[in-house]
Every structure is written in structure tokens, then in C-alpha cells.
Amino acid sequence: MTLENFKQMQQDVETAVENTTNTVEMYHKEFADTALNSLAQFLPLGDAGQQIKDFQDQMITGFYDAVRTVNQKGGELTRTVLDQIENR
């Protein structure tokens with residue numbers, strides 16, 4: 001396997017993690033909204049319902065943003081290492 005193959009594999013993995021993270025985040029938000037809406041049918045939440053939804057959205061987004069950051073930083077680190085190997 002050549003260094004170019006490793007570089008391509010690294011990019012493919014980083015892209016796959018990014019795409020999967022985006023998809024899972026979307027489903028997570030949909031599931032959470034559905035659960036909250038179902039709860040609101042049985043228990044009037046009033047203004048608290050919007051506050052809960054806002055908090056829920058912030059938490060979900062924050063988590064997946066952290067995953068994306070780790071993925072990006074891991075990709076940068078890997079590219080740096082591969083570039084150093086290439087320049088030896």
C-alpha cells in the first residue's frame with residue numbers, strides 16, 4: 001500500500017465519519033422532537049416545552065459538534081503525520 005493510498009483512506013474515513021455524524025444528528029433530533037411532542041400531548045408543558053426543546057436542541061447539536069471537531073482534528077493530525085513521512 002502506498003502513502004497516497006493511506007492519504008486517500010484517511011480522507012475517505014474522515015468524510016464517512018462526517019456524513020454519518022450529520023445523518024445520526026438529524027435522526028437524533030427527529031426522535032427527540034417526536035418524544036417531546038408525544039409527552040406534550042399527555043402533559044401540558046406550556047412555555048417550559050419550548051425551553052426544554054431549545055435545551056434539547058443545544059445539547060444534541062453540542063454533542064455532534066464535538067464529534068465533528070474530534071474527527072476534524074484527528075484528520076489534521078493524521079495528515080500531518082503522513083506529510084512528515086512523505087517528506088523524509
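The model is predicted, so local features need pLDDT of at least 70 and side-chain atom pairs count only at pLDDT 80 or more, while totals for chains, interfaces and linings use all residues. Residues are numbered from 1 along each chain as its sequence is written, and side-chain values use heavy atoms, with hydrogens and water left out.

**Exercise 1. Buried residues**

Task: Identify the buried residues of H1 and those of H2, and state what they pack against.

Solution. 
Step 1. Buried means under 20% relative accessible area, exposed over 50%, and partly exposed in between (1.4 Å probe, protein chains only).
Step 2. In H1 the buried residues are Gln-10, Glu-14, Thr-21, Glu-25, Ala-32 and Leu-36.
Step 3. In H2 they are Gly-49, Gln-56, Ile-60, Tyr-64, Arg-68, Asn-71, Gly-75 and Leu-82.
Step 4. The buried residues of H1 pack against helix H2 (46-86), and the buried residues of H2 pack against H1. Contact here means heavy atoms within 4.5 Å.

**Exercise 2. The surroundings of Gln-10**

Task: Determine why Gln-10 counts as buried, and which residues it is in contact with.

Solution. 
Step 1. Gln-10 is found in helix H1.
Step 2. Gln-10 counts as buried because its relative accessibility is 11%.
Step 3. With neighbours within four places in sequence left aside, Gln-10 is in contact with Gly-75, Thr-78, Arg-79 and Leu-82.
Step 4. The side chains of Gln-10 and Glu-14 are also joined by a polar contact of 2.7 Å. A polar contact is a pair of N or O atoms within 3.5 Å; within protein, one must be able to donate a hydrogen and the other to accept it, and residues adjacent in sequence count only if both atoms are side-chain atoms.

**Exercise 3. Salt bridges**

Task: State how many salt bridges there are, and describe the pairs formed by Lys-7, Glu-14 and Lys-73.

Solution. 
Step 1. A salt bridge is a side-chain nitrogen of Lys or Arg within 4 Å of a carboxyl oxygen of Asp or Glu. By this rule there are 9 salt bridges.
Step 2. Lys-7 pairs with Asp-83, and their closest N and O atoms are 3.3 Å apart. Lys-7 lies in helix H1 and Asp-83 in helix H2, so this pair ties together parts that are 76 residues apart in sequence. Lys-7 is partly exposed at 21%, as is Asp-83 at 33%.
Step 3. Glu-14 pairs with Arg-79, with 2.5 Å between the closest N and O atoms. Glu-14 lies in H1 and Arg-79 in H2, so the pair ties together parts that are 65 residues apart in sequence. Glu-14 is buried, with a relative accessible area of 12%, whereas Arg-79 is partly exposed at 28%.
Step 4. Lys-73 pairs with Glu-76, the closest N and O atoms being 3.8 Å apart. These two residues are 3 residues apart in helix H2, about one helical turn. Lys-73 is partly exposed at 49%, and Glu-76 is partly exposed at 33%.

**Exercise 4. The network around Glu-25**

Task: Name the residues that are linked with Glu-25 in a network of salt bridges, and decide whether Glu-25 is buried or exposed.

Solution. 
Step 1. The network links Glu-25, Lys-29, Asp-65 and Arg-68.
Step 2. Glu-25 has its place in helix H1 and is buried, with a relative accessible area of 9%.
Step 3. Not counting residues up to four places away in sequence, Glu-25 touches Ile-60, Thr-61, Tyr-64 and Arg-68.
Step 4. Asp-65 lies in helix H2 and is partly exposed, with a relative accessible area of 37%. The C-alpha atoms of Asp-65 and Glu-25 are separated by 9.5 Å, although the two residues are 40 residues apart along the chain.

Key: Helix = DSSP H or I, 4+ residues; strand = E, 2+ residues; numbered from the N terminus.
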